Amino acid sequence: TVKTYIVSTGSNNCTPAGTFKIVNKIIDPPWKGVPPGDPRNILGSRWMGLTIKSYGIHGTTDDATIGKQCTLGCVRMHNWEVEELYDIVPVGTEVTIVE
């Protein structure tokens with residue numbers, strides 16, 4: 001283990017468990033037509049998409065949600081921590097999500 005982070009996961013345990021890979025990385029991602037930097041854009045400053053479509057690891061615009069089951073299934077992190085992770089892991093990195 002190199003790093004650990006407190007994250008948010010999906011409401012009602014909807015974050016899929018399994019082994020996936022990071023397939024893309026986006027700085028300042030848009031979300032459902034909401035531009036980067038807009039407080040309504042829940043993705044925060046970084047997106048790392050997983051091999052399971054529409055799921056990824058991303059930042060947040062609401063730090064108070066970290067550590068709770070409150071997402072639509074993605075893994076949510078503080079922006080400064082997802083930015084650090086984004087710089088560490090390349091596309092193709094294996095990600096294991098456990099229940």
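How many aromatic pairs does a search of the whole structure find? The search finds zero, where a pair means rings of Phe, Tyr and Trp (its six-membered ring) with centres within 6.5 Å. This is a predicted model, in which local features need pLDDT of at least 70 and side-chain atom pairs count only at pLDDT 80 or more, while totals for chains, interfaces and linings use all residues. Residues are numbered from 1 along each chain as its sequence is written, and side-chain values use heavy atoms, with hydrogens and water left out.

**The sheet**

- Five strands form an open sheet with mixed pairing, in the order 6-4-3-2-7; strands (E, at least two residues) and helices (H or I, at least four) are DSSP runs numbered from the N terminus, and two strands pair if DSSP finds at least two bridges between them.
- Strand 6 (75–76) and strand 7 are at the edges with a single partner strand each, so one side of each has no neighbour in the sheet.
- Strand 2 (residues 18–27) runs antiparallel to strand 7 and is joined to it by four bridges; lysine 21 has glutamate 94 of strand 7 as its bridge partner.
- Strand 2 also pairs with strand 3 (residues 46–50), in the antiparallel sense, over five bridges; here isoleucine 26 is opposite tryptophan 47 of strand 3.
- Strand 4 (residues 56–58) and strand 6 run parallel and are joined by two bridges, with isoleucine 57 opposite valine 75 of strand 6.

**Charged side chains**

- Side chains of opposite charge can pair when their charged atoms come close.
- There are two salt bridges, each being a side-chain nitrogen of Lys or Arg within 4 Å of a carboxyl oxygen of Asp or Glu.
- One of the salt bridges joins lysine 3 and glutamate 84, at 3.3 Å from N to O.
- That pair links distant parts of the chain, 81 residues apart: lysine 3 is in the segment before strand 1 (9–10), and glutamate 84 is in helix 1 (residues 79–88).
- Tyrosine 86 has lysine 25 over its face, at 4.4 Å from the ring centre, and arginine 46 also lies over the face of tyrosine 86, at 5.4 Å; the rule asks for NZ of Lys or CZ of Arg within 6 Å of the ring centre and within 35 degrees of the ring normal.

**Pockets**

- The largest pocket has a volume of about 440 Å³; on a 1 Å grid over the protein atoms alone, a pocket is an open set of points where a 1.4 Å probe fits, with protein on both sides within 12 Å along at least five of seven lines, and lining residues have an atom within 4 Å of a point.
- A volume is the space filled by probe spheres set on the points, which are joined across faces, edges and corners.
- Of the 15 residues lining the largest pocket, Ile57, Val75, Leu85, Val95 and Thr96 lie nearest its centre.
- Strand 7 (residues 94–97) gives the largest share of that lining, four residues.
- The second largest pocket holds about 260 Å³ of space, and among its 16 lining residues Trp31, Leu43, Trp47, Ser54 and Cys74 lie nearest its centre.

Methods
Rings of Phe, Tyr and Trp (its six-membered ring) pair if their centres lie within 6.5 Å; planes under 30 degrees apart count as stacked, over 60 as edge-to-face and the rest as tilted.
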